[in-house]
Amino acid sequence: QVQLVESGGGLVQAGASLRLSCAASGRSFSSYGLGWFRQAPGKEREFVAAISWNGAATGYADSVKGRFTISRVNAKNTVYLHMNSLKPDDTAVYYCAAGGYGWTVYDYRYWGQGIQVTVSS
């Protein structure tokens, strides 16, 4: 199985950039599609971005398209989420996930513990 650990979160001002990393341990990392989700207090976990096992395909939520970029380096067992032009509405706990390549939580089997991103206005 795969264990996922997020890092790189924190508190930033609106308009800033931030890069989240998710390091995986376990076997067969490169065979999984990967996704980023986020959850704000009182709200459901929502899709942010996804990338296929080989990085050839990506998808983004409309709310982040053009601002966020997902990438992966299979040789490092790491997936990244580079976030630009951050807004207060981006404030949430961000989770990385491994499994299929999809846009719902049900498409993924493994989940990280989550990391806080807070954007001040």
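Biologist: Which residue in S8 stands opposite Phe68?
Modeller: Met83 stands opposite Phe68. Keep in mind that this is a predicted model.

Biologist: Okay, and how do S7 and S8 pair?
Modeller: S7 and strand S8, which is residues 78–83, run antiparallel to each other, with six bridges between them.

Biologist: New topic. How many disulfides does a search of the whole structure find?
Modeller: One. Cys22 and Cys96 form it, with their sulfur atoms 1.9 Å apart.

Biologist: Where do Cys22 and Cys96 sit?
Modeller: Cys22 is in strand S3 (residues 18–26) and Cys96 is in strand S9 (residues 92–99). The two are 74 residues apart, and the pair links distant parts of the chain.

Biologist: Is the link of Cys22 and Cys96 right-handed or left-handed?
Modeller: Right-handed, with 45 degrees about the S-S bond.

Biologist: And Cys22, buried or exposed?
Modeller: Buried, because its relative accessible area is 1% and the cut-off for buried is under 20%. Cys96 counts as buried too, at 0% relative accessibility.

Biologist: While we're in S3, what about Ser21: buried or exposed?
Modeller: Ser21 lies in strand S3, and at 15% relative accessibility Ser21 counts as buried. Setting aside neighbours within four places in sequence, the contacts of Ser21 include Val5, Glu6 and Ser7. Trp36 is another one of them, and so are Thr78, Val79 and Tyr80.

Biologist: Let's talk charges. How many salt bridges does the structure hold?
Modeller: Three. As background, side chains of opposite charge can pair when their charged atoms come close.

Biologist: Which side chain does Glu46 meet in a salt bridge?
Modeller: Arg38, at 2.8 Å from N to O. Glu46 is partly exposed, at 36% relative accessibility, whereas Arg38 is buried at 6%.

Biologist: What does Arg38 meet in the salt bridge listed at 2.9 Å?
Modeller: Asp90, and that distance is N to O again. Arg38 lies in strand S4 (residues 33–39) and Asp90 in the loop between S8 and S9, so the pair ties together parts that are 52 residues apart in sequence.

Biologist: Which Arg forms a salt bridge with Asp90 where the closest N and O atoms are 2.8 Å apart?
Modeller: Arg67. That pair also links distant parts of the chain: Arg67 is in the loop between S6 and S7, and Asp90 is 23 residues away, in the loop between S8 and S9. Arg67 is buried, with a relative accessible area of 11%, and Asp90 is buried at 1%.

Biologist: Which residues end up in one network?
Modeller: Arg38, Glu46, Arg67 and Asp90, joined by salt bridges that share partners.

Biologist: Last one: where does Ala57 lie?
Modeller: In the loop between strand S5 (46–51) and strand S6 (58–60). Ala57 counts as partly exposed, at 28% relative accessibility.

Biologist: And what does Ala57 touch, not counting residues up to four places away in sequence?
Modeller: Ala50, Ile51, Ser52 and Tyr101. Also, Ala57 and Gly33 are 24 residues apart in sequence and 9.6 Å apart in space, C-alpha to C-alpha.

Terms used
Residues are numbered from 1 along each chain as its sequence is written. This is a predicted model: local features need pLDDT of at least 70, side-chain atom pairs count only at pLDDT 80 or more; totals for chains, interfaces and linings use all residues. Side-chain values use heavy atoms; hydrogens and water are left out. Helices (H or I, at least four residues) and strands (E, at least two) are DSSP runs, numbered from the N terminus. Buried means under 20% relative accessible area, exposed over 50%, partly exposed in between (1.4 Å probe, protein chains only). Contact means heavy atoms within 4.5 Å. Two strands pair if DSSP finds at least two bridges between them. A disulfide is a pair of cysteine sulfur atoms within 2.5 Å. A salt bridge is a side-chain nitrogen of Lys or Arg within 4 Å of a carboxyl oxygen of Asp or Glu.
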